[in-house]
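Welcome! Take a look at the structure first, and then we will go through it topic by topic.

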Amino acid sequence: MLGTQLYAPGDVRIEEMPEPTLQKPTDVTIRLAATCVCGSDLWPYRGLNKFERPMHMGHEYCGTVVEVGSAVTSVKPGQFVVGSFCLSDNTCPHCRYGFQSSCVQREFMTGAQSQFARVPLADGTLIALDQQPDDDLIPSLLAASDVLGTGWYAAVAARVEPGCTAVVVGDGAVGLMGVLAARQLGAARVITMSRHKARQELALDYGATDIVAERGDDGVAKVKALTDQIGADAVLECVGTNESMQQALAIARPGSMIGYVGVPHGVQFDGGRLFYSQTGMLGGPAPVRRFLPKLIDLILTRQINPGKVFDLQLPLADVAEGYKAMDERRAIKALLRV
Ligand SMILES: [Zn+2]
């Protein structure tokens, strides 16, 4: 089969490799319908993370079950499945509390930018659809696997409530999904911090009410001006840099929550500033599995269209161009047809 390997920063290749096989009784193998390139794939691609070389890339997936391990009870060969990028048993105390991304058996999905992939902990990770989805829904179902689930978690963690004012820091794919989620959860006002025309337009399409193009102190001042100097009721931090985190902290009103889902790189906090800010923070890898049933239902009933976040569609064979386009910010998110 064809699979994607990262050999060195900037050197991602599609190549022939053995098809995955079942390794544990709780595994399944799937034939992918589509996969995609994640913003977090760009960290090793840019040489900002150490990694084992070559690294078999890809953690976002949906597709058809090929083979099931002997212990798997909830999915069958031939079913179309969507799963979380975090693999979980969905039975341990953390899973039952809704934090499947901290499952005691947690693993992270790998090797999904391929024709076939192995999914460990299948019963606790996958949701099977009742029937094959319409082809035009596949991008949205794929989005549920990570980017939509992560944006949704940011909104839930930030405690977005009906009528509230939410601010989304970051206009990448996750930030745009955060806008969608905040509106679905009833935010009356969603302020998006974005400097890029195409992303601003998609944010407006997903229900953003205000766009703030300024950054740093100017951006903070603009948000304060839009909120009568009070600040936001809920802040979704979807970047993970020190600048974006400080910005989130500066625009959150006392008593509010910051949902932070950008993987932190160089983020540092001042204890005194945190103390006096009186804001709460909840973040980390999104427990996508918690939200999957609801998200899949919203997609199948066509109430949301997260798939629009893929503004570049390529065949899997052109995966290297997908990385390049995202690295150069020519694309928000690249979908790979398998
Ligand atoms: Zn668990």
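In which loop does Thr 241 lie? Thr 241 is in the loop between S14 and H9. Please keep in mind that this is a predicted model.

- Where the domains touch, domain 1 contributes twelve residues and domain 2 contributes 13 residues.
- On the domain 1 side of this contact you will find eight nonpolar, two polar and two charged residues.

**The six-stranded sheet**

- An open sheet of six strands runs in the order S13-S12-S11-S14-S15-S16, with parallel pairing.
- Its edges are strand S13 (210-212) and strand S16 (280-283), each of which pairs on one side only.
- On average, neighbouring strands here are turned by 20 degrees against each other, if direction is ignored.
- Strand S15 (residues 252-260) runs parallel to S16 and is joined to S16 by four bridges. Within that pairing, Tyr 260 has Gly 283 of S16 as its bridge partner.
- S11 and S12 are also paired in the parallel sense, over five bridges, and Ala 166 stands opposite Val 190 in S12.
- Strand S12 (residues 189-193) has four of its five residues buried, so S12 is largely enclosed by the rest of the structure.

**Helices that pack on this sheet**

- Helix H5 (residues 147-157) lies across strand S14 (232-237), S15 and S16, and runs at about 155 degrees to S15.
- Helix H9 (residues 242-251) packs on the sheet too, touching strand S11 (165-169), S14 and S15. The direction of H9 makes about 150 degrees with that of S15.

**A closer look at H5**

- How many of the eleven residues of H5 are buried? Eleven of them are, and H5 is described as mostly covered.
- Among the buried residues of H5 are Val 147, Trp 152, Tyr 153 and Val 156.
- The elements covering these buried residues include helix H4 (138-144), helix H6 (173-184), S14, S15, S16 and H11.
- H5 packs with helix H11 (residues 288-300) at an angle of about 105 degrees, and their axes are 9 Å apart. That angle makes H5 roughly perpendicular to H11.
- From H5, the residues in this contact are Leu 148, Gly 149, Thr 150, Trp 152 and Tyr 153; from H11 they are Val 288, Phe 291, Leu 292 and Leu 295.
- Sorted by class, the contact of H5 with H11 holds seven nonpolar, two polar and no charged residues.
- Just after H5 comes Arg 159, which takes a positive phi of about 55 degrees.

**The three-stranded sheet**

- Three strands make an open sheet in the order S2-S1-S4, and their pairing is antiparallel.
- Strand S2 (11-16) and strand S4 (55-56) each have a single partner strand, so one side of each is left without a neighbour in the sheet.
- Strand S1 (residues 2-8) is joined to S2 by six bridges, and the two run antiparallel. Gly 3 stands opposite Glu 15 in S2.
- Helix H12 (residues 319-327) packs on this sheet, touching S1 and S2. Its direction makes about 160 degrees with that of S2.

**Single residues to look up**

- Back to Thr 241: this residue counts as partly exposed because it has 16 C-beta neighbours inside 10 Å.
- Thr 241 and Gly 266 are 25 residues apart along the chain, while their C-alpha atoms are separated by 6.4 Å. Leaving aside residues up to four places away in sequence, Thr 241 touches His 265 and Gly 266.
- The peptide bond from Arg 53 to Pro 54 is cis, with omega near -10 degrees. Pro 54 sits in the loop between helix H1 (42-45) and S4.
- Asn 90 is not a glycine, yet it has a positive phi of about 60 degrees. Asn 90 belongs to the loop between strand S7 (86-87) and helix H2 (93-96), and with 19 C-beta neighbours inside 10 Å it counts as partly exposed.
- Asp 228 also has a positive phi, near 55 degrees. Asp 228 is found in the loop between helix H8 (216-226) and S14, and with 8 C-beta neighbours inside 10 Å it counts as exposed.

Key: Residues are numbered from 1 along each chain as its sequence is written. This is a predicted model: local features need pLDDT of at least 70, side-chain atom pairs count only at pLDDT 80 or more; totals for chains, interfaces and linings use all residues. Two residues are in contact if their C-beta atoms, placed from the backbone, lie within 7 Å. Ala, Val, Leu, Ile, Met, Phe, Trp, Tyr, Cys and Pro count as nonpolar, Asp, Glu, Lys and Arg as charged, and the others, Gly among them, as polar. Two strands pair if DSSP finds at least two bridges between them. Axes are lines fitted to C-alpha atoms, for helices over the stretch in contact, and angles run from 0 to 180 degrees between N-to-C directions. Angles under 35 degrees count as roughly parallel, over 145 as roughly antiparallel, 65 to 115 as roughly perpendicular and the rest as oblique. A residue is buried if 20 or more other C-beta atoms lie within 10 Å of its own, exposed if 12 or fewer, and partly exposed in between; C-beta atoms are placed from the backbone.
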